[in-house]
Every structure is written in C-alpha cells, then in structure tokens.
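Here are a few exercises to work through with the model open beside you. Try each task before you read its solution.

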Amino acid sequence: MAGIVGIDVGGTFTDLYYSADGTTVDRVLKVPSTPDDPSRGLVDALAAAGIAPGAVDLILHGTTIATNAVIERKGARCALVTTKGFRDILELGRRDRQRMYGLTGVQHPLIPRADRFEVDERLDHQGRVVRPLDEDAVRALADVLAGLDVEAVVVALLHAYANPDHEERVRDILLSREPAWQVVTSASVVREYYEFERTSTAAVQGYLQPLVARYADNLSAKLTERGFRTQTLVMQSNGGLVPLAHLGSRAANIVRSGPAAGVMAAARLAAQAGFDNVITGDMGGTSYDVAVVVGGSPSVAETTELDFRVPLRLPMIDVHTIGAGGGSIAHLDRGGILQVGPESAGAVPGPACFGRGGTRPTVTDVNAVLARINAEHPIGLKHLDRLDIPAARRAIGDLGERLGLGVEETAEAILAIVNQRMAGRTRLLSVERGLDPRDFVLVAFGGAGPLHGAAIMREVGIRTMLIPPHPGVLCALGCAIADLRHDLSRTIERRAADLDAGTVASVLAEQRREGEARLVQSEARLVGTEVSHHAEMSYAGQIHTLRVPVEPGWGPERLVAAFHDAYRAEYGNTLGDIPVSVVSLKTAVLGRRAGTRPEAAREVAPSPARPSGRRPVYFGGWIDTAIYDRATLVPGATFTGPAILEQADTTTVIEPGMRARVDSFGNVLVEMA
Amino acid sequence: MDPVTLAVVRGALDQITDEMDLHLIRAALSPIISETNDCAHGLYDAATGETIAQGGYGLPQFLANMQSTVIRVIAAAAAEGGFAEGDVWIVNDPYISGTHLNDVVLVSPVYVGGRPFALFANTGHWMDMGGSVPGGWAPSATEIHQEGIIIPPLRLCEAGRTNAALVRLITANVRLPQQLQGDLAAMLNVFAVGRRGLDALVAKYGEATLRACIDELLARSETQMRSYLAEIPDGTYAVEDWFDNDGVTDAPLKVRLALTVSGSDLHFDFTGTAPTTRGPMNISDGTTQSMCLVALKHVFPDVPVNGGAFRPARFTIPPGTILAAQYPSPVGGTTDVVQRVVDVVFAALAQAIPERVPAAPFGTTGVATVSGRHPETGATFVAVYPYPGGYGASRESDGLVNGTPPGSMAKFMSVEMSEHRYPLRFEHYAIRENSGGAGLHRGGCGSTYAITALGDCVVSILGDRVDHRPPGIEGGGPAAPNDVRLRLDGREWVPPLRSKAERVPLKAGDSVRLASPGGGGYGDPFARDLALVEQDLNAGLIDRATAETAYGAVVAEARAVGDRQIYRLDAAASEAQRRGRRIG
C-alpha cells in the first residue's frame with residue numbers, strides 16, 4: 001500500500017508522522033501551529049516534511065479547533081428553540097457550581113438567553129403528543145430569527161429522543177424560511193434522555209458546525225491546490241475516524257480528539273508489545289492527561305464536561321487532566337509549603353530557561369538545572385541555541401532561599417511535588433474504577449511524559465513502563481492507526497422484564513444499518529466491519545448505569561443475567577431481586593482499515609547498548625550518567641539507570657535502580673531492577 | 001523540618017483520605033452516597049481529635065463536623081476504658097455527631113508499634129433509620145424518636161470482631177436491613193484501605209518523622225488561615241437574620257451572630273438566637289460549627305482542610321437554641337437550618353471584608369417531596385426535588401443561577417428522567433425572572449418549576465425565606481423571596497406557613513409551582529454598566545420597571561420583536577437620572 005500521513009494539530013505544535021508503506025516510520029516532525037488558520041500549519045507540515053502528493057494515499061488528522069472554539073467561546077452565533085417553558089434548560093444545568101468551595105464566578109452559556117426561544121408543543125416520555133406543535137408560531141418565530149444574525153439554529157424539544165417528529169417539523173419550517181441556516185435537532189445528535197445534556201450536546205454541535213465545516217472546506221481546497229487528491233480522515237473523540245467531507249455534521253464529535261488519538265496509539269503500541277492493561281500518561285507544557293486501557297480497550301466516558309455547564313453526551317475516550325506540565329510554576333503557599341501548578345508560565349513568558357523573560361521557576365527549569373534535559377539541544381525552540389541555565393538557577397534559587405534549600409535541593413523538591421501530583425491522579429483514576437494500578441503498564445508520552453514517567457511508575461508501584469519510539473508525536477501516530485467508527489444510542493428506559501427480544505433486536509438492527517450506511521458514505525477503503533452492541537443498565541431507581549455487552553435476539557432473562565454478571569464483576573455482589581432497567585441500547589460500528597491490526601512481538605537477543613556520551617545528572621546528588629542516543633538503539637539493546645535517553649522529540653529519564661531494554665518494535669521497556 | 005518531606009507527606013495524607021472517599025462512593029449501596037457523595041473520610045489526632053486530613057470528595061457540610069464528632073467519641077471511649085487495637089465505634093446521635101440520624105459515623109483507632117497513632121473516621125448517609133417516615137425526614141416531627149433510631153457512641157467492633165448482636169438490633173429497626181448491612185460492610189472495609197496507605201507512609205518515613213510532619217502541617221495550616229484572618233479589620237460584626245417559622249408554629253425564629261475578629265482570632269457568638277423549636281428546624285452545635293467553617297472555606301478556598309485551619313475559631317452557641325439542639329428536639333430540618341448559618345457568617349464578614357465575600361445565596365433547600373402510587377404500575381413512588389437557587393453577587397462577578405446549596409453538591413433531577421419515573425409533568429423549569437438582587441453586580445436569579453400531578457398523590461414542602469429575603473451587600477439590593485403556590489381543584493392555594501406544607505393531597509390536574517429566591521446584589525445598582533442593564537433587560541433577567549427604578553435607566557426605544565420587547569437605553573438620560581436621584 002502507499003503512504004499514510006498522521007497529523008495532529010495542537011494548540012502549540014503541529015506533529016506529523018509519515019509512513020511510506022503504512023508500517024515503517026519514515027518521517028517524524030514537529031512544527032509550530034498556526035492558530036489563525038490551522039489548515040495552513042497542516043499543509044506547512046506536509047511541505048516541511050518534503051512529502052510529495054503522489055507518495056500519500058491517506059491523510060489522517062487530529063485537530064484542536066473544536067476544543068479551542070468551545071473553551072474560548074469563538075463558535076457561531078446560534079439560536080435555540082425549545083419546548084415552551086424550557087428555554088433556560090441550557091443555562092440552568094442541573095443545580096451545581098464550578099468548584100466545591102468558592103461561590104463566585106458565572107457561566108457563559110454557548111447560546112445566551114436573548115437568543116433562546118420557545119414553541120408551544122409537548123410530548124410525554126413515551127413520545128406521545130400531549131400538545132400538538134403550533135406550526136403558525138414556528139413560522140412566526142422563523143421571521144423573528146431571520147432578523148437576527150444567526151448562522152445555526154439548535155432545536156431541542158423535550159422527549160424528542162422518544163419521538164423526533166416535532167423537532168423535524170420545526171427544522172423543515174425553519175429551513176423553508178431560510179435554507180442557509182444550519183439547523184441541528186437534538187435527537188439527531190443524541191437519541192437519549194436527559195434534556196440538559198442532550199440540549200448542550202446539540203448546542204455544541206450547532207456552535208461548532210459552521211466553523212468546522214469552513215475549516216474542512218478550507219483544508220480540502222488547500223490540499224487540492226497542492227496536488228493532494230488523497231482522502232483525508234479526521235480523528236473523533238471516540239477514537240475512530242470520520243471523512244473530512246462529513247466533518248461539519250460531526251463537529252461535536254471531534255472535540256478533544258488529540259488526546260483520544262494519543263490514548264489509541266498508546267493502547268495499540270502496548271497491545272502489540274504484549275500488554276493489554278495500560279495506563280497512559282501524556283504530559284505536555286501545561287497539563288498531564290491520564291487514561292486507562294483495560295483488556296486492550298480504552299475506557300469510555302458517556303458524558304464529558306467541556307467547560308462548566310457544557311456537558312457533551314457523546315462517547316469519548318475517558319481522559320482525565322490535571323494542570324501539571326513543563327510550564328507549571330513552583331511557589332510557596334501562605335503556610336510556606338511548596339506547591340507546583342496549576343498555574344503555568346505558558347508559551348510566553350515560558351520557563352526561565354527559555355529566555356523569553358520568565359522569572360518564576362517551572363518544571364522545565366528544574367529538568368534543565370538538574371541536567372535531565374540537554375541544555376545544548378533545546379527541543380522545539382527555534383529562537384535559542386542553548387537553554388539559559390543561569391536564569392533557571394536564579395529562578396529556583398530565589399524560591400530555595402525562602403525554603404532554606406540550595407538550588408539542586410529545591411529543584412529536586414519541585415520534582416517530587418509535581419511527580420506526586422501526577423502519580424496521585426494516576427492512582428485515583430484506577431481506584432475510582434476498582435482497579436489495582438500495579439497490574440498495569442504505564443505508557444509515558446508527550447513532550448514531557450518520558451522525563452517524569454519513571455517517577456510516576458515508582459510512586460504508583462507500576463512494574464513496567466513503555467516509552468514508544470516517538471513519544472513526542474504519539475497523537476499523530478494515533479490518527480494513523482485508527483479505524484472508522486460510529487456510535488449510536490437510543491434511550492429505552494424500561495424494565496428489562498417488559499422488553500421482548502424482538503424490540504431489542506429491531507433497535508440494534510436499525511442502529512447497525514445506520515452505522516453501516518455511514519461507513520459506506522465515507523467511501524473509505526475498508527477491509528472489514530465490526531459491530532458491537534451493549535446496553536446501559538441499572539437496578540430500577542439507580543442513577544449510575546453499567547455498560548453491559550448484549551446481542552440481538554436476547555430477551556429479558558439473558559439481559560438481566562448479563563447485567564448481574566457485570567454488576568458482580570464491578571462491585572463484587574448483586575442486590576438480589578431488585579428489578580433491572582434497560583436505560584439505553586447502543587451500537588458501535590467500526591470500519592477496519594488495512595494495516596491497523598497489531599503484529600506480534602518477536603524475541604530479540606539482548607545486547608548492552610553503547611552510550612553516546614556521559615554528563616553529570618542530579619539524582620539526589622550529581623552522578624556521572626550515561627547518555628544514549630535513541631536513534632542508535634537497536635532492538636535488544638539493554639542498559640541500566642541512571643541513564644538519559646535523548647531523541648528529537650523528547651528526553652527519557654531512567655532512574656537509578658531501573659533497567660531498560662528495547663523490544664522488537666523499538667519501544668523502550670523500563671522496569672524496576 | 002525538611003520542607004520536601006513536609007510537602008510530600010501532605011500530598012500523601014490527602015491521597016489516603018481521597019482514596020477512602022472514592023472507595024466508599026464506589027462500594028456503597030446507598031444511592032445517596034454513591035450518587036451525591038453524601039459521605040466523608042478523614043484521619044484525626046488520637047488524643048485531641050483534630051483533623052489531620054480529610055478527603056476532597058465528601059460533602060462540604062462534613063468539613064468540621066467530623067472533628068467535633070471524633071472529639072466526643074474519644075471522650076465516650078475514654079469513659080469505657082479507651083480505644084484498643086481493632087476497635088470500631090459507631091454513632092448517629094445527632095446531638096453528638098451533628099446533621100441527622102441518617103448520617104452514621106464510624107471511628108477506628110490505628111496503631112503503630114502497639115501505640116495509638118491516629119483515628120480514622122468516616123460517615124455515610126444510610127437510606128433509612130426507621131422512624132415514622134421512610135427515608136427519615138418527618139416534617140411534623142416534634143421529637144427525635146419520630147425521625148428514627150438513635151445509636152449513642154458504642155463499640156461496634158472489639159479486637160477486630162464485629163458485635164453481631166448490635167448489628168441485629170439496628171437492622172431490626174430499619175426498613176432496608178440488607179442495604180444497611182452492605183453499607184456498614186463497605187464503610188468498615190474503607191478503614192483497611194486507609195490503614196494500608198498509612199502503614200506505607202510509616203514504613204517510608206518512620207513514626208517520629210511522620211508525627212513531626214503532621215504537627216508541622218497543622219501549624220502551617222493554622223498560619224495560612226491566620227494570614228487571611230489577620231487581614232480582616234478587628235471588631236465585632238453583629239448580624240440578625242430570621243427563619244419564617246418552624247413548620248409547626250407560625251412565628252419567626254431569630255438567628256443572631258456576633259463575629260469578633262481580634263488579630264487573627266475569630267469568635268462566633270450566637271447568643272440571642274431563638275430557643276429550640278417544637279418542629280424540626282433545629283441543628284446540633286457540631287453542625288453549626290461546621291457550617292461556620294464551610295462559610296469561611298467558601299471565602300478562603302485555598303486553606304487546606306485540617307484541624308490547624310480550625311484553630312483560630314472559637315464558638316459560643318448557647319445550648320437549647322435552634323443552633324445547639326438537645327434531646328429530644330427533632331433535627332430533620334437540618335438542610336434548611338444550615339443555610340442560615342452560612343448566610344449570617346457571610347453577612348458578618350461582608351461588614352469587614354466586602355471585597356472578598358459574596359452576598360447571600362438563595363438560603364433555602366426548599367425540598368418538595370411527592371409520593372403516591374404510580375397510576376400505570378401501581379408501585380409506590382417517592383420523588384424528591386431540592387431547590388436550586390441564585391448565588392449572591394460579589395466584587396468579582398454577578399451571581400450564578402441554579403446553584404446548589406453551599407453545604408451540598410447534590411444535583412436537580414433531569415426533567416425527562418423524572419417524567420419516566422413519576423406520574424408528574426413539568427410545566428416549566430426556568431430562570432425566575434427579576435429575582436436577583438440589584439447591584440453593580442447583580443445577584444443570580446432564582447429558579448422556578450411547576451409540576452402537575454397525573455394521578456392522586458401527596459406533596460410535602462420544607463422551605464423558608466419567604467418573609468426575610470436574601471440580602472445584598474455594599475449597597476446591593478435583596479433578592480426576591482421564596483414563593484410557593486399550589487393549584488388545587490382549579491383554585492390557587494398558598495400554604496398557611498408559606499413555604500412549608502405537609503402531606504397536601506393532590507388530584508390529577510392539581511399542580512405545585514415553586515419559585516426559589518435569587519442571590520443578593522453587590523454594590524450600588526446605579527453604578528452598574530448600562531450596557532449590562534440593557535443586556536439583562538433584553539434577556540428578560542430584569543423587567544422594565546426594575547431597570548428604571550432600581551437601576552435608574554431611561555429607555556430610549558422599545559420595539560416588539562415577535563412576542564418580546566427589545567429595548568435600547570438612553571445612556572446620557574440614564575446617567576442624568578442616576579445623578580439626580582443620588583442627590584435627591
């Protein structure tokens with residue numbers, strides 16, 4: 001097969017990964033992003049990598065434009081149309097506040113109240129009409145909306161998941177008045193109950209659709225102009241791909257697709273290396289993202305809070321974030337206790353050692369001062385040839401004076417705190433799910449992940465850490481190895497005992513047909529289709545549901561038995577005879593692309609690696625430490641800590657008391673000695 | 001003290017109690033624990049009972065309640081020969097452990113090298129503790145026995161063995177014995193989780209270093225809290241606020257707080273507060289103390305949760321008042337009573353440091369409970385809707401809409417989910433227009449919802465804040481008061497006790513309409529940016545009369561767009577009017 005390109009457009013960097021034959025890694029590249037027009041950064045990256053149009057069969061792409069537009073509130077002006085009495089649903093949320101402590105601050109709904117309207121109609125929870133739709137009022141409303149400068153109209157009526165007729169009728173009337181409006185109905189985005197979450201998801205879709213559609217058109221034009229006639233697929237937050245041409249209609253699905261791509265890649269590389277249970281740790285400049293992969297499958301969140309009172313009810317790879325990154329600032333609290341983050345020095349002024357005027361000590365300054373990163377070869381910085389170590393020492397020294405510690409001791413203290421925060425979050429994530437983190441392998445990646453992975457591993461009690469061949473561009477790789485994916489869901493909310501096998505089978509069959517039709521529309525070259533079904537189930541009255549794998553043809557008894565099995569696996573017991581409810585039925589349709597299935601690991605004969613040099617590095621004291629060049633390490637190479645592994649996209653720290661070896665795929669596996 | 005060890009030990013202690021929280025939230029059978037985090041876990045000094053660390057996932061209302069409970073259990077245990085390794089003590093007596101009978105507290109000593117090192121304690125909300133009403137909340141209760149069974153501090157486990165007879169006695173008196181046993185087992189298991197974490201810490205640092213770190217951490221938290229308190233000008237700040245009534249007798253109940261700041265010491269003096277009521281609008285002194293500290297933590301959220309942060313506060317809460325209830329006063333109204341404690345602390349601090357304190361939030365939990373038989377399934381249902389409401393404005397911002405009470409994190413049910421479960425139809429769920437206090441920053445609007453019964457059922461409501469509105473600060477106006485109306489047989493009916501009503505029968509077609517208070521305003525309304533006044537007006541958050549009277553705005557143009565009026569304000573005329581009315 002011909003070449004594939006994976007490109008992840010992040011807020012700061014655009015990462016590129018190129019494979020000439022779909023399996024080898026032929027080019028890896030990091031260039032600055034171009035936030036004013038992200039498509040430019042993408043074509044720039046292609047040009048910088050010197051990739052000719054003819055050498056590319058497929059472009060696979062992750063992007064943060066959707067995430068940024070929501071967080072920065074830069075999406076389209078939308079109107080919202082709701083059932084009479086419920087226009088504030090989007091703003092009310094479900095009675096909460098931003099933080100557990102502190103009552104100040106407001107929210108900024110994606111659609112402000114003045115742009116929210118009501119129509120008279122009402123359905124009940126079975127979808128039966130309680131009050132018919134007042135179509136004259138909808139037509140009058142269309143005239144009002146025409147006087148507003150809105151690009152998109154979101155229609156979210158109560159119980160539309162049970163019966164979308166009214167929403168669709170409102171959509172048709174609006175479109176007959178103004179065909180240019182992009183009209184989003186809530187049931188077309190989420191076929192599930194919970195009016196706030198569904199309305200919010202539809203609002204995110206409406207808010208992003210014009211912007212994302214323009215981006216897709218723009219990118220297509222630029223690629224065509226440069227001779228790329230290849231298909232482009234874009235990463236979604238569920239870890240699957242969608243064609244560029246369909247991007248506008250899937251705008252809400254690409255929010256936070258970059259982190260999802262990283263988890264997909266980490267899961268895939270680990271599975272290939274023989275590890276099915278994985279914790280992924282992605283540390284960049286401002287944050288640490290952690291996720292869990294059990295049995296090869298990344299865990300999925302059904303709802304994700306994009307911002308305060310902006311939930312997105314779409315299945316997304318469950319990535320947890322804390323504010324701990326290379327730019328995190330160390331400071332003393334009012335009790336005189338050392339803290340690191342969540343405040344970050346950002347790109348400007350950045351860490352003190354970046355020479356852009358930063359004076360407060362950051363995690364990156366610590367790694368520089370302790371010689372863990374190579375001051376002579378700064379990664380990703382074009383404006384300076386070497387890191388400003390004296391500036392970093394001053395920043396850390398100022399803090400150290402207030403603690404009564406020297407520069408190195410202070411730096412090590414900062415490391416200890418930031419590592420503890422990341423290790424703590426990593427542990428909590430597994431504890432929340434009742435998993436023992438010691439049964440997992442840590443895949444550390446991102447620009448800073450491999451610098452701290454060894455410490456996280458030690459703190460959490462993880463036995464093995466895997467550092468992929470190109471940890472700094474793993475999200476781009478994740479795009480390249482993903483499959484196409486569509487998730488469909490529908491609220492049932494009935495006692496399992498009242499459901500007959502025929503109803504279950506027909507809902508699942510309809511979802512399967514719809515997913516498969518979308519795959520056909522994608523025109524992507526696929527080697528197969530995988531369909532899986534599950535039900536969200538609970539004991540009657542419970543709010544939390546469990547995800548239970550189900551099959552078409554199952555009747556009440558099989559459903560209940562499967563729920564009891566899942567409940568026992570999760571909680572260790574069942575609640576006896578309490579009735580069981582089926583909240584929703586779900587189907588995932590996966591279109592498999594060629595070459596996305598892992599190959600088996602080979603045994604390789606161990607041989608000691610040769611260091612490329614040595615330098616003193618601080619591990620509780622200055623230790624003469626071997627430096628290895630990642631590019632020269634061959635499968636089978638072994639070495640022991642303390643050691644520093646350098647490569648173009650990141651630096652890896654192997655602590656004293658750890659040993660490392662390179663597997664047949666070029667992963668570095670680090671273990672406690 | 002080595003600053004690195006100190007910082008790392010702090011993180012490790014927090015991690016232990018956070019993990020305990022998450023273990024119970026995952027393992028509990030009680031949906032109140034697993035779904036609204038109605039629990040808390042902490043580590044306490046074995047001698048003084050001071051909080052060493054408390055988990056970050058439990059509810060705010062338990063912030064300092066746990067410490068005062070542990071202190072009292074230490075005394076109870078001492079009277080019976082003290083703690084021994086493997087012991088677990090249990091208590092739910094609210095005059096000792098605060099809140100209400102459903103919150104059951106377990107306390108267990110942890111030994112290091114054969115000597116008591118510290119105490120673990122946890123609390124969880126058990127679904128039913130017996131009493132006259134399932135779930136425990138009996139609005140007409142006039143003595144605690146109607147609310148459920150009382151467990152005084154007792155040794156539940158001795159040398160690792162659980163007293164099965166005691167457990168049987170408890171389960172024989174509750175409606176969900178199996179669930180209770182599951183929750184009890186889960187809470188006992190959590191101590192093992194905590195112990196593993198603490199043992200690892202002892203192994204790593206040694207007992208002496210760990211002990212020294214703990215002492216130092218408490219001292220540092222005290223320093224941190226005092227650094228904030230020292231910035232509050234010295235003086236005594238007195239406030240009075242009111243409850244409408246106790247749900248039985250229609251007479252207002254005074255809450256009086258004189259908060260004295262001297263240097264970095266605080267004295268909360270509630271002398272002058274109304275005596276204990278016949279109805280359930282009472283709380284224990286432990287809960288009052290805890291809510292004072294919750295209010296402080298909302299104002300200074302950076303201060304860590306441990307006993308050091310509580311040291312600067314002293315309390316005078318006269319026994320026999322509604323804020324220091326004693327046997328046999330009922331305490332089921334705790335969810336509403338605690339709100340006023342937060343309100344008076346904010347109001348007192350607002351006199352001293354208005355730049356740091358929000359105006360009063362909505363101030364009532366306004367729980368509406370609807371129960372009956374579902375006409376389609378015949379099954380009994382109990383639907384519980386707690387009030388959302390507006391938060392007060394602050395120097396930083398306008399107030400939030402649809403907030404949860406300051407001591408809680410519990411959410412409002414989804415309308416669609418509610419209609420699936422209960423024979424009740426929502427007519428609206430909306431921002432309550434014109435209900436936030438006026439100000440430079442406007443208080444958050446309250447919320448309003450109405451539900452219509454589709455079959456015969458019964459509704460009880462426990463609210464407050466009808467006669468006394470949430471006040472503003474720094475010249476900001478008060479919010480709209482609570483408003484409860486029922487429509488019975490086509491006629492509007494306001495309960496005689498305004499927002500408290502007990503077991504009112506509803507027939508199909510009858511409805512209940514509730515409108516919660518907003519939050520108080522911050523600062524002079526005439527100083528509010530006219531563009532924001534115009535925006536609020538066009539969003540319907542305020543009406544024209546409010547814009548003109550409260551904000552001194554002059555309307556230049558009003559035009560109808562659909563069924564709405566869109567206004568343009570006259571900036572010059574508005575400024576002139578504001579100037580004139582200021583002088584006048």
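**Exercise 1: a loop residue**

Leaving aside neighbours within four places in sequence, find what Ile379(A) is in contact with. Solution: the partners are Gly447(A), Asp649(A) and Thr650(A), where contact means C-beta atoms, placed from the backbone, that lie within 7 Å.

A quick note before you go on: this is a predicted model, so local features need pLDDT of at least 70, side-chain atom pairs count only at pLDDT 80 or more, and totals for chains, interfaces and linings use all residues. Residues are numbered from 1 along each chain as its sequence is written, while chains are lettered from A and ligands numbered from 1 in the order in which they are written.

- Step 1: Ile379(A) sits in the loop between α9 (363-369) and α10 (389-403) of chain A; helices are DSSP runs of H or I, at least four residues, numbered from the N terminus.
- Step 2: Go 22 residues along the chain to Gly357(A), and the C-alpha atoms are 18 Å apart.

**Exercise 2: the two chains**

How many residues of chain A and chain B are in contact?
- Step 1: Count 60 in chain A and 63 in chain B.
- Step 2: On the chain A side, α3 (89-92), α4 (135-146), α7 (195-225) and α11 (407-432) each give two or more residues.
- Step 3: α11(A) gives the most, with 10 residues.

Key. Two residues are in contact if their C-beta atoms, placed from the backbone, lie within 7 Å.
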